[in-house]
Amino acid sequence: MRIGFTLPQFHRQAYGIARTAEFAREVELAGAASLWVGDRNLAAVHPRIGYGGQGTTIPVELNPAADPFVLLGIAASATERVLLGSHVLIAPLYPPVQLARALTSIDLISGGRLLPGFGIGWSPEEYEAAGPDFSTRGARMNELLDALEAIWTSDPAEYQGKILSVPLHHSPLKPARRPRPPFYLGALSERALRRVAERGDGWLPLCTVPSWVDIEGLVAHRALIDRWATEAGRDPAAIDTVLRVNIDAGTPTGQVADAVKAIHEGTGIDHVMVDTTYAIETVDEAIQHAVEMIGLVARG
């Protein structure tokens, strides 16, 4: 089983981002399979929509947020083996050329280890700050995937959609991963799950230990993806899964490891990324937690 961990990006750990390279090296040395970032353009003081699209509050842990592209670039240069992922970038916030350029750079620095994960987000205020129309974020995501495909596989490259437009331009610098880095997509709703089935190379679900571990739901959602992928003429087995495991504050490391193993046994998911944002405040504690988790999961 493969286990990954979030880089020090949010909450108290964000104040330790100067140690990102150290964290990445230590966790890779301990046997981690992957390192991850999330994305928070901003946390509104008076949000109209709350965290995850529910309520009207955002956890205070998300107020301090370091830049995901910078952290991935640092981790790429500090490591040799681990995969480098985003769970998830709020992709429609970014112009396609700039997003492609940043991710291409990270993939080249890492030698082809990038797993770019995308989602559409839930915060209207984040879209207001960046410029795009919040109400068209789903359609914008679909066009963004097409634009990235064009930029990453053509030279010269161009794209013309209803929302996004990229003029014909020179595009010789390509990612190390060929023909392009894979598209991993976050999804809970039916529409988003269909996008995974029809467009995704990977699915990025989530759970929270111990407050929300829905093994039956994970299995049911994966079954929908597999069915719709087959209907679209795709091989469901070619669609990977990486599960995000959030941790409630105060949860013992052993309980998290037990939950990860139970999820693996119940779903077959063999790659998880553990997010310590809500449970661990310092980089030192995050490194220690990662080492302990790797040991506990490896012991079966």
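This is a predicted model: local features need pLDDT of at least 70, side-chain atom pairs count only at pLDDT 80 or more; totals for chains, interfaces and linings use all residues.
Residues are numbered from 1 along each chain as its sequence is written, and side-chain values use heavy atoms, with hydrogens and water left out. Helices (H or I, at least four residues) and strands (E, at least two) are DSSP runs, numbered from the N terminus, and two strands are taken to pair if DSSP finds at least two bridges between them.

An open sheet is formed by 7 strands, which follow the order E5-E3-E2-E1-E14-E13-E11 with parallel pairing. Strand E5 (114–115) and strand E11 (206–209) stand at the edges of this sheet, and because each has a single partner strand, one side of each is left without a neighbour in the sheet. Within the sheet, strand E1 (residues 2–6) runs parallel to strand E2 (residues 34–37), to which it is joined by 3 bridges. Phenylalanine 5 has leucine 35 of E2 as its bridge partner, while threonine 6 stands opposite tryptophan 36 in E2. In a regular strand the side chains alternate between the two faces of the sheet. Both faces of E2 are covered, with Ser34 and Trp36 on one side and Leu35 and Val37 on the other, all of them buried (buried means under 20% relative accessible area, exposed over 50%, and partly exposed in between, for a 1.4 Å probe and protein chains only).

A further open sheet is built from 5 strands in the order E4-E6-E9-E10-E12, where the pairing is parallel. Strand E4 (89–90) and strand E12 (240–241) stand at its edges, each with a single partner strand, so one side of each has no neighbour in the sheet. Strand E10 (residues 202–204) pairs with E12 in the parallel sense over 2 bridges, and glycine 202 stands opposite aspartate 240 in E12. Helix H7 (residues 215–231) lies across E10 and E12 and runs at about 150° to E10, where axes are lines fitted to C-alpha atoms, for helices over the stretch in contact, and angles run from 0 to 180 degrees between N-to-C directions. Contact here means heavy atoms within 4.5 Å.

Helix packing was examined for two pairs that share helix H2. The axes of helix H2 (residues 68–78) and helix H3 (residues 96–110) come within 8 Å and cross at roughly 15°, and H2 and H3 are therefore roughly parallel to each other (angles under 35 degrees count as roughly parallel, over 145 as roughly antiparallel, 65 to 115 as roughly perpendicular and the rest as oblique). The crossing of H2 and H3 is left-handed, a term applied if the near helix is turned anticlockwise from the far one by less than a right angle, with right-handed applied if it is turned clockwise. Phe69, Leu72, Gly73, Ala76 and Ser77 of H2 make this contact with Leu99, Ala102, Leu103, Ile106, Ile109 and Ser110 of H3. These residues divide into 8 nonpolar, 3 polar and no charged, where Ala, Val, Leu, Ile, Met, Phe, Trp, Tyr, Cys and Pro count as nonpolar, Asp, Glu, Lys and Arg as charged, and the others, Gly among them, as polar. Serine 110, in helix H3, counts as buried at 6% relative accessibility, and its contacts, leaving aside neighbours within four places in sequence, are with Ala76 and Leu84.

For helix H1 (residues 20–30) and H2, the axes come within 9 Å and cross at roughly 50°, which makes H1 oblique to H2. The crossing of H1 and H2 is right-handed, and Thr20, Ala21, Ala24 and Arg25 in H1 meet Leu71, Ile74, Ala75 and Ala78 in H2. By class, this contact of H1 with H2 has 6 nonpolar, 1 polar and 1 charged residues. Alanine 78, placed in helix H2, counts as buried at 15% relative accessibility, and alanine 78 touches Ala21 and Arg25 when residues up to four places away in sequence are not counted. Between alanine 78 and glycine 138, which are 60 residues apart in sequence, the C-alpha to C-alpha distance is 35 Å.

Valine 45, found in the loop between E2 and H2, is exposed, with a relative accessible area of 71%. Valine 45 and leucine 108 are separated by 63 residues in sequence and by 37 Å in space, C-alpha to C-alpha.
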